[in-house]
Amino acid sequence: MCEGSGSTVEKGPPRRILYVHHGQVPGGAPTSLRNMVAGIRRLSNHNLKILCVFPQMMGYFAQLEGVEVESHEPAFTTSGRGLLGMSPLVATHMLKAIFADLAGARRMVRLEAERLAQERPDLVHLNSAILWSTALACHVARIPLLWHVREASMAPSLAPHLLLYGALIRRLADRVVCIGPTEYQKLHGARSSRVVVVRNSLDPSFFDPPIPSRRAARRALGLPLEPFIYLSLGGVNHRKGTYQIVEAARELPDSFLGILAGPCPPAPPPSRRVDLALRLEDLLAGLGLVKVLSSHYAQRVARSLAACPPGRIHLAGPTQDVRSYIAASDAVVFGDTTSHSGRPVFEAWALGKPVVAFDTPAMRRELQHGREGLLVSPEAGALAAALRRLCADPDLARAMGEAGHTRALTLFHPERNAR
């Protein structure tokens, strides 16, 4: 395994590079792609173009200067999530998606190959590990392929479908880039010299002073000046531990304020069927048969919010101003329930903020407990206790933020990683 280095960019004639993006909403993957493309644009004269599988994302990338943005064929993404192990493979909807996609694979690969060939690229860069049909299209069209693995599988490393899918990625790609050691390990990157690690770049604004002060950021966002503010950037998402974060707010006093920034979909109206499903999931979790609460998740979070005392949680919703929210906070919470790389952790460090993260294999590889933040069990009580500790010891919180900032400069600086 190797990390991205600070070597100079290769000199030579400009190349035409196509980036294929898979997602439907703003988040970590499109943010990382936008930062990376902007960095490569500054360092080279290559001809860059982004193709969006979902057209609604075109506007998100259109602000990149000197980069074309167009739509792409509707590549298979749902089945890719199952094959990679991001979603349970045995779920009924997943099995249906996989069989449907396999039945239509020949036609889709042909359409994608024709679309990519029309662009006459020197390289295609896939922004996700789930884009298997696009990777096959590159193989058919004989276009060099760089495959970016941003997702950490929930499946065991030796799960048969993950082993087969990892072998497919290593076989089809001329180069595989993993965003961290967890993704590298899940993909069995040591089996091929084609697989390397290059960290996600943060936006340059996270390293360019002046950073707004805590008080100034709160005033600009209309937030109260006095409470200890802890921030989650995952919205309502079972992978971000939203339920545990809201439950922790119920255990904390009024001097604490939790902010949920990110998509917060409205919960469906209550029903007996949903109530029974939540009770069953609670029972299975209590027996240790379910590790991640995910069923009817918006409804679960809505019930917890309704039981939370007023003023304990602020729903900020989607925001482009992540920097200001982090600057306004005293700590950032990363409620990782699926063991994946955490952009909010790295952004918090860049702005000198301590982190409280759920103790997962991925976070243990990134965060030294007691140095850049605190690792806690994925439970509301443990999270509340860690936040109380940081509030009671400002010197400890400040030292953790400073240590995190040093780490962010080393691993996530945009110019270094773009090179």
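Glu 366 counts as buried, because its relative accessibility is 3% (buried means under 20% relative accessible area, exposed over 50%, partly exposed in between, with a 1.4 Å probe and protein chains only). Its salt-bridge partner is Arg 199, with the closest N and O atoms 2.6 Å apart. This is a predicted model, so local features need pLDDT of at least 70 and side-chain atom pairs count only at pLDDT 80 or more, while totals for chains, interfaces and linings use all residues. Residues are numbered from 1 along each chain as its sequence is written, and side-chain values use heavy atoms, with hydrogens and water left out.

**Salt bridges**

- A salt bridge here is a side-chain nitrogen of Lys or Arg within 4 Å of a carboxyl oxygen of Asp or Glu, and the count comes to 23.
- Arg 199 is buried too, because its relative accessibility is 6%.
- Helices (H or I, at least four residues) and strands (E, at least two) are DSSP runs, numbered from the N terminus.
- Asp 330 pairs with Arg 218 in a salt bridge, the closest N and O atoms being 2.7 Å apart.
- Asp 330 sits in the loop between helix H12 (322–328) and strand S11 (331–334) and Arg 218 in helix H8, so this pair ties together parts 112 residues apart in sequence.
- Both Asp 330 and Arg 218 are buried.

**A salt-bridge network**

- Arg 16, Lys 49, Glu 68, Glu 70, Arg 115 and Glu 119 are linked in a network of salt bridges.
- Inside it, Glu 70 bridges to Lys 49, with the closest N and O atoms 3.0 Å apart.
- Glu 70 is in strand S3 (residues 68–71) and Lys 49 in strand S2 (residues 47–52), so the pair ties together parts 21 residues apart in sequence.
- Glu 70 is partly exposed at 30% relative accessible area, whereas Lys 49 is buried at 3%.

**Helix packing**

- Helix H9 (residues 242–251) packs against helix H15 (residues 380–392) at about 60 degrees, with axes 8 Å apart (axes are lines fitted to C-alpha atoms, for helices over the stretch in contact, and angles run from 0 to 180 degrees between N-to-C directions).
- That makes H9 oblique to H15, as angles under 35 degrees count as roughly parallel, over 145 as roughly antiparallel, 65 to 115 as roughly perpendicular and the rest as oblique.
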